[in-house]
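Dear colleague,

Here is the structure you are taking over, together with its sequence. My notes on what was found in it follow below.

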Amino acid sequence: LNAYLDDYAFFSAALIDLFEASLDMAYLDHADRLVRTTIDQFWDEADGGFFFTGKDHEALIHRPKSGYDQAIPSGNGVAVMNLLRLAVYRDLKEYAQKGEDLLRLYYPSMRENPFGFSAMFHALDFHLQGPQEIVIAGQKTSPPVREMLSGVWGLYLPNRVLFVVDPSNLPRSLPEFAKGKDRPERQPPVATVCRHFTCSAPVTTWGELEKLLNA
């Protein structure tokens, strides 16, 4: 059977979560490919938003396109969050614009029945507030970096993106929010927290980073 919007959206979200938990760029690359396929297969070019069935699905009298959460979040609610997160990680204005267009499409319904659009409101909050951009510069396997990562993972931070700039294993390209924060090998790791192009002073311990994240 051809996959539906929910299959693509939830799998892509899981891959982004796996990237943030493992810092393995392969997961982020895979998520990006799936989101591009999702846009190609499901995006409504006329009115915006994602249809539930893809272009190569069997012909239907009506192609549903819902943002309303039921027992699980809606495919559109999860998909818009994928767009916004990847827009930050990949510096893709196309994704950010599509995410904003999708939120505008469903905003009247969100106002009428906010209880039915929890996933969409989560994405709206991410979009309006902007994420906390957490960058840790240092070797991923070093004890200080592992302590910082464990601390970040242990906090409830719904609006955050996380990246480790490892001088011993730099990726082909860095997200915009991580550029200029690399650090020579054998130097103590440092962490910074940024939002809306304003960054904290670098800190070197988890205790200091925790204070920044809870501020």
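Strand 3 (190–195) and strand 4 (198–199) pair in the antiparallel sense over two bridges. The bridge partner of C194 is C199, in strand 4. Please keep in mind throughout that this is a predicted model. The sheet to which these strands belong is open, has four strands in the order 2-1-3-4, and shows mixed pairing. Strand 2 and strand 4 are its edge strands, each pairing on one side only.

Is R160 buried or exposed? With a relative accessible area of 13%, R160 counts as buried, because the cut-off for that class is under 20%. Its side chain makes a polar contact with the side chain of E20, at 2.6 Å. Setting aside neighbours within four places in sequence, the contacts of R160 are E20, F126, P131, Q132, I134, V152 and W153.

T53 is another buried residue, with a relative accessible area of 3%. T53 sits in the loop that runs between helix 2 (25–42) and helix 3 (75–90). Leaving out residues up to four places away in sequence, T53 touches Y4, Q41, F42, L60 and R63.

The largest pocket holds about 690 Å³ of space. It is lined by 22 residues, and those closest to its centre are A87, V88, P131, E133 and F197. P131 is also among the contacts of R160. Which elements supply at least two residues each to the lining of the largest pocket? They are helix 3, helix 4 (93–112), helix 5 (118–129) and strand 3. Helix 4 provides the largest share of this lining, with four residues. By residue class, the lining of the largest pocket comprises 11 nonpolar, four polar and seven charged residues.

The second largest pocket has a volume of about 370 Å³. Its lining consists of 17 residues, of which D17, M81, R85, H122 and P158 are the closest to the centre. Helix 1 (5–22), helix 3 and helix 5 are the elements that give two or more residues to this lining. Helix 3 gives the most to the lining of the second largest pocket, with five residues. The lining of the second largest pocket divides into 10 nonpolar, three polar and four charged residues.

How many cavities of 30 Å³ or more does a search of the whole structure find? The search finds one. The largest cavity has a volume of about 40 Å³. Its lining is made up of Y8, A9, S12, V35, T38, F50, A79, N82 and L83. Helix 1, helix 2 and helix 3 each supply at least two residues of the lining of this cavity. Six of the lining residues of the largest cavity are nonpolar, three are polar and none is charged.

To tie the spaces together, helix 3 supplies at least two residues to the lining of the largest pocket, gives five residues to the lining of the second largest pocket, and supplies at least two residues to the lining of the largest cavity.

Regards

Terms used:
Residues are numbered from 1 along each chain as its sequence is written. This is a predicted model: local features need pLDDT of at least 70, side-chain atom pairs count only at pLDDT 80 or more; totals for chains, interfaces and linings use all residues. Side-chain values use heavy atoms; hydrogens and water are left out. Buried means under 20% relative accessible area, exposed over 50%, partly exposed in between (1.4 Å probe, protein chains only). A polar contact is a pair of N or O atoms within 3.5 Å; within protein, one must be able to donate a hydrogen and the other to accept it, and residues adjacent in sequence count only if both atoms are side-chain atoms. Contact means heavy atoms within 4.5 Å. On a 1 Å grid over the protein atoms alone, a cavity is a set of points where a 1.4 Å probe fits but cannot get out, and a pocket is an open set with protein on both sides within 12 Å along at least five of seven lines; lining residues have an atom within 4 Å of a point. Grid points are joined across faces, edges and corners, and a volume is the space filled by probe spheres set on the points. Ala, Val, Leu, Ile, Met, Phe, Trp, Tyr, Cys and Pro count as nonpolar, Asp, Glu, Lys and Arg as charged, and the others, Gly among them, as polar. Two strands pair if DSSP finds at least two bridges between them.
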